[in-house]
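Here is a short briefing to read alongside the model. Have the sequence and the 3D view open, and start at the ligand.

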Amino acid sequence: MAGSPNTPNTPRQRRGTGAVLVEFLGSMNLAITLLVALSFAAIIGTVLQQNQPYPDYVRKFGPFWFEVFERLGLYDVYGAAWFLLLLGLLLVSTAVCVYRNAPTMLRDMRHFRLDVQEKSLRAFHQQVEWQAEGDVTAVAERAGATLAAQGYRVRVKDHGDRTVVAGMRGTWNRLGYLLTHVAIVVICVGGLIDGNLPLKFAERLGRLQVETRDIPAAQVPPESTLSADSAAFRGSVRIAEGGQADFVFLNVRDGFLLQKLPFRVELVDFRVEHYPSGQPKSFESDVVIHDPELAEPLKRTIAVNHPLIHRGYAIYQASFSDGGSRMKLRAHALDVPNLAPLELEGAVYQNLKVITPRGPMSIEFIDFKPYNVFPDEDGGGGFRNYGPSVVFKLRNEAGEAIEYVNYMMPVIQEGRPYFMSGMRALPGEPYRYLYLPLDAAGSLDRFMTLRRNALDAARVRETINAQADGLMPAGSDAETRANLVGSITRLVEMFTRGGMGAVVDQVEKAVPEAERQQAMESYVMVLQSVLGSLYVDQLRADGALGEQGVSDADAKFFEDALEAFAALGNYGSPLLVQLSDFEHVEASGLQITRAPGKDIVYLGCVMLMAGVFFMFYLHHRRVWVSVTAGEHGTRVLLAGSGNRDRAEFATEFEGVRRVLAVATGAEAMTQQEAG
Amino acid sequence: MSVTSEFLRDGLTRKAWWQRLGLWDWGWGALVLAGVLFAYARYSALMDGFEIIILAGTAPVVLALGWGWKAMRPYTLAVALLSLASIGLYGGELARGDANFFLKYLLSSQSAIMWMSALFVMATAAYWLSLFMRSDFTGRVATALTWCASAMGFIGLMVRWRESYLIGPDVGHIPVSNLYEVFILFAVITGLMYLYYEGRYRSRAMGAFALTVISASVAFLLWYTFERQAHEIQPLVPALQSYWMKIHVPTNFVGYGGFALAAMLGIAYLIVDRVKPGSAWAARLPTLGQLDDVMYKAIALGFAFFTVATVLGAMWAAEAWGGYWSWDPKETWALIVWLNYAAWLHMRLTKGWRGRPMAWWAIIGLFVTTFAFLGVNMFLSGLHSYGTL
Ligand code: HEM
């Protein structure tokens, strides 16, 4: 504050403990310490992701540090006691600071300091004296008029021996200080009103218990439920289309609380619109508010950035998800194909028990998507819709699960239609995709028939026999022949059940390093010829065989089928689950909040903005003209001070000096700079 | 000093501000008014209430800028005319961008922005040259280049705005919605801020330092363009379809601009502080007093606007996320930046700190700010998911 006389110098009161405390709380050092400390605390909260599931933290930090960090409240820094304490201290400190400075500043704004002594004026950085023409009153009058013309508010006082003309400008700067700092207090108070302190107390007193189990709202016990009259909260709820809710969940650390609402929210419809490019364009929910206080239900549409405010409760479009779409599915048994496919019905978030050739398993439906828009592989920036898909986990008795995503519509690759299914063992990793060729009718029948035949040992042996005649050198004995047929039959079965993986294992077991390469090739050839003739028989049976033999399309189909067989080995599922029909149900994630402190905070914000600008852009400036009758004529002493920006004030002071000098008909000017 | 008669006149009887306006000022006023009325008459049918208010609001701002800072007049005119020219050349079809010579090489948003980048880099070089060669002419060239660069950047944004609507009416939006666009905004605003202080202090000595930070941002911009094709106009995700964005983001960047400027002057301060007074170098470099002064002014301006921006952000958050404060990383870092400069201002204004420590602090401040503005999007997840690299 450049040591100017209008520094808010704190009144020197008796140093009682109270005074000392006030001194400390209002001290600039504390203020700055707090500002910096808060910054650092805030940083922790951004670097360490807040309110994650606790197991994740354990995985990250190990049990020991997890414990330490939890005690320090680092998983919810901004709710931690010590953080709130810091904020509280800043509030108090600012308040005390205002309390100490306000009186001085207000006085500063009103008082013109007409009783200022000449010697204290001479101590000013900016001061100058000269001899003026005319008597004291006349000079004082002209001086006053000139200052007024310069935009100063002016007061004059006659002390008898001398007359003091005092001018003042930019007093609102001081108001700025008050506004800014009161604003801080106001904002903190508003924030506290909306904060979760009450919850914390209730928890400390054991009146509240954070629910950590994953249970539906209906089963949440009363000690984890908050009544509808809570003053402030911020929670979220997922409502499926056609569903209703009169509560929201408040996430607390690793659990949640159930917050009751005084009204019911019904979701009629949820819509997502997309840009042509496939990016989402809008999320909208048609909701109906059923409120006893309303004559009839309130119908509204809410969207992102367009919340609905009802009785001080604000309802926002926060997210969306599947609302439990119902699906019809057809499950083909892959290794017992002559089993008729079983027809299943399920819904997202539901589990289904099924008996598979590999024992009982459960299908856990995770998600359904009516469309899947992905960028084109060709990287041309285009997008492609893969149609509906279902995501589910297949869990065996041992509890091991593999996740699958199966697409309903045929996926066209190089002009040929496939059934596409992605699988992955771990949630994180990318899907590996399986492509099963589809027949002209777009069904899996032809593929499954081929597989059925390939698994039909008798049929396979027959085929091999037929070919073996060709293969065998003439006159080789029946035994060799039987062995050959036997081993080929096993090979075919191994391949069909275990995929290429099984064959490779077998080769690595049975064949010495040097010959493997060649062995594999001959195996593949054999497989192709055997399965090939099975396929040709099948085509013939279907009457799909023209006189010019197998058509190119059918040949391609066979290649794809072989690849599929090879890949099925590590598909990991005994079932091929195919979406046959669905009824899409969406759910809207609504955030519902009540923040009575909001308006207080906004008031504070307005004060803050105004205050800061006043402080920066209005400079509080004072000038004094002290006119005295000296032995040779009237003497004028001009002095001034500004609370900002010496350089700027210096130029202004110089301007004032010049006009005053002219106005008072200055003679010999003697300017002396007070060191 | 001699006391001239006209000095006496406005010295002894100080006229009200509007009496002190000259003919040119009134001309400017008329021009702005005409412009706004034209826009209203022409487009009011397409505007909703909010946009009409914004239009009405721009009039006094442009007016005040032109009155308070004369150089703003030719600048505003140039930006307006060239933007209109470009939009006219497009005449409703995006394809012309490649067909028309002027668009392709000068006035399509992408070319304009490339021009801005080139000009800013040249300006930086020129300022350093003039510093080393003590060439006043080079200095004037540097200033001119900076003005042109700022103009091209602004034009680029205006035209990009139009182009987004040419892509599709529902795609169209003000170009302050992703990192690429705000980097242009940053360069332009910082450039203008510097030019203001250059005019105010009649000294180009600070230019080399101020323009360096702009060139840095230009470098990032170019990397971002060529490495990530960031310049392609993307439609707005729902969260960004809000009026608040239109005012929140630009306000924020006045803040960032001010802080960046202050930091560069801080560096200058530390350097000037090393050269011995009275040496040849001391004569070329800005004075410590001036640097300290402008550093404070830049931070004060930045802080004031940053305060407003943060408040606007809170109001937007209240509408989009359901709470005026969610301790989302971006929000929180804004608070950190704000608290940091609040502390800085206190040190200077109440403890009267000056010089080296404040210079260092201003420089550190820029790192904090940069993290708030880039780092958060890159390293921290949060609700401000847009604008990720
Ligand atoms: C978050 C909290 C605070 C903020 C954002 C804040 C903001 C400001 C700002 C922007 C200024 C302007 C400097 C100027 O006049 O240009 C200022 C000045 C000042 N602040 Fe604070 N302040 C805060 C807390 C405090 C506290 C706790 C104290 C008490 C120790 C304090 C005491 C002062 C004083 C004495 C001034 C100088 C006023 C003057 O003479 O112009 N401030 N404050």
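Because the surrounding residues come from chains A and B, the site is shared between chains.

This is a predicted model, in which local features need pLDDT of at least 70 and side-chain atom pairs count only at pLDDT 80 or more, while totals for chains, interfaces and linings use all residues. Residues are numbered from 1 along each chain as its sequence is written, chains are lettered from A and ligands numbered from 1 in the order in which they are written, and side-chain values use heavy atoms, with hydrogens and water left out.

**Around the ligand**

- A polar side-chain atom of His181(A) sits 2.7 Å from a ligand nitrogen atom.
- From the other chain, His346(B) places a polar side-chain atom 2.6 Å from a nitrogen atom of the ligand.

**Where chain B meets chain A**

- The contact (heavy atoms within 4.5 Å) takes 63 residues from chain B and 59 residues from chain A.
- The two chains bury about 5,000 Å² between them, 65% of it on carbon and sulfur atoms; this is the accessible area (1.4 Å probe) lost on being put together, summed over both parts.
- One salt bridge is counted between the chains (a side-chain nitrogen of Lys or Arg within 4 Å of a carboxyl oxygen of Asp or Glu).
- In a salt bridge, the side chains of Lys281(A) and Asp170(B) meet at 2.9 Å, N to O.
- On the side of chain B that touches chain A, the elements giving two or more residues are α1 (5-12), α13 (288-320) and α14 (329-349) of chain B.
- α13(B) gives the most to that side, with 17 residues.
- The residues on that side divide into 40 nonpolar, 15 polar and eight charged.

Technical notes:
Helix = DSSP H or I, 4+ residues; strand = E, 2+ residues; numbered from the N terminus. Nonpolar A, V, L, I, M, F, W, Y, C, P; charged D, E, K, R; others polar. Near = heavy atom within 4 Å. Polar contact = N/O pair within 3.5 Å; in protein donor to acceptor, adjacent residues only side chain to side chain.
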